[in-house]
2 protein chains.
Amino acid sequence: MSEKSMFTTLCYIEQDDKYLMMHRIKKKQDENKDKWIGVGGHFEPGESPEECLLREVYEETGLTLTSYRFRGLVTFCLGDEMTEYMALFTADGFTGTCKEGDACEEGELVWVEKSSIESLNLWEGDKIFFRLLEEEIPFFSLKLVYHHDGSLQDAILNGVRMER
Amino acid sequence: MSEKSMFTTLCYIEQDDKYLMMHRIKKKQDENKDKWIGVGGHFEPGESPEECLLREVYEETGLTLTSYRFRGLVTFCLGDEMTEYMALFTADGFTGTCKEGDACEEGELVWVEKSSIESLNLWEGDKIFFRLLEEEIPFFSLKLVYHHDGSLQDAILNGVRMER
């Protein structure tokens, strides 16, 4: 079992109808290998979601967030062995200069038009929460259960299984 | 370090302007000793907040929740060593018969008038989130930092230190 916390943050930073996406092509051992995801990472001891968010966004992008919202909690299950709880944020204010392209060691950072997001290589369940974000629901709790091959087995929104 | 998950649920069940409160007087080794808290407990592997909620409420009270809301996430720090993330729910619908008084092994269950809650022996920070619940804020993230003697050192709401 990993020593890392099973609690993480995941943030989608918005500007001009684009989201800042990370293409995870750099690490060899990576559950997100070749996928496009937001920025974020594992909680350090004692951190609140907001403290983890600000630290991780700064480390990965060079940006300091000045306006953000806690949008949902995602329970991410991969098979029976791995469960991760992701505090999902969006942000629409920041200072600093973004490490675009190659400068981030976790992956490549690219601003992607919101209308093009679903054509990227995403986790299948991420398409569900992009839709929930667009619907401006104040807060949601979404459980996503994946098979080992990465296909989505089940999606449960606020305790109710979703029709798919 | 405890083997238990550091992720828990905490639920305040409402009926007729009362909350179902648990008086923690039964366990000898209990960080909540003699305090009044809601019902809930630690996540089992793979559980979503809602799955943990339903299981823990049923185990502790005998009630099956039929209507509930995820109201906030509390980052609870006791000194530097212990951090717990509490998914905070309220519930206003249930079936079954409540194990009132002595029947629950975790503590004594009592329906308490909402107007009397603050006169109970509560964690100091719990008074803050009772007020946030009454204000019907859609969702909040509250970090509560306690000294080892149980006094509240700091309260941070959605990333901003609260004036107290």
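Helices (H or I, at least four residues) and strands (E, at least two) are taken as DSSP runs and numbered from the N terminus. In the predicted model described here, helix H2 of chain B is followed by B:Glu136, whose phi is positive, near 60°. Residues are numbered from 1 along each chain as its sequence is written, chains are lettered from A and ligands numbered from 1 in the order in which they are written. As the model is predicted, local features need pLDDT of at least 70 and side-chain atom pairs count only at pLDDT 80 or more, while totals for chains, interfaces and linings use all residues.

The confidence scores were examined before the details. The pLDDT, which is the predictor's confidence in each residue, from 0 to 100, averages 92 in chain A, where 98% of the residues score at least 70. The model as a whole scores ipTM 0.92 and pTM 0.93.

The relation between the two chains was considered next. Contact is defined by C-beta atoms, placed from the backbone, that lie within 7 Å. By this criterion, 20 residues of chain A are in contact with 20 residues of chain B. On the side of chain A that touches chain B, helix H1 (49–61) and strands E5 (64–78), E6 (82–95) and E8 (140–146) each supply at least two residues. The largest share, four residues, comes from E5(A). The residues of this side comprise 10 nonpolar, seven polar and three charged, where Ala, Val, Leu, Ile, Met, Phe, Trp, Tyr, Cys and Pro count as nonpolar, Asp, Glu, Lys and Arg as charged, and the others, Gly among them, as polar. Because 100% of the interface residues of chain A are also interface residues in chain B, the copies meet through the same surface.

In helix H2 (residues 124–134) of chain B, the residues B:Gly125, B:Asp126 and B:Phe129 are buried. They lie on the same side of H2(B), because they cover an arc of only 100° around the axis, the arc being that of the directions from the helix axis to the C-beta atoms. B:Arg131 and B:Glu134, on the other side of H2(B), are exposed. The cover over the buried residues of H2(B) includes strands E5 (64–78), E6 (82–95), E8 (140–146) and E9 (152–157) of chain B.

In chain A, A:Gly125 lies in helix H2 (residues 124–134). A:Gly125 is buried, with 20 other C-beta atoms within 10 Å. Leaving aside residues up to four places away in sequence, A:Gly125 touches A:Leu144, A:Leu152 and A:Ala155.

Two loop residues of chain A complete the description. A:Asp17, in the loop between strand E1 (7–15) and strand E2 (18–23), has a positive phi near 60° although it is not a glycine. With 9 C-beta neighbours inside 10 Å, A:Asp17 counts as exposed. A:Asp34, in the loop between E2 and strand E3 (36–37), has a positive phi of about 70° and is likewise not a glycine.

How values were computed
Contact = placed C-beta atoms within 7 Å. Buried ≥ 20, exposed ≤ 12 C-beta atoms within 10 Å, placed from the backbone.
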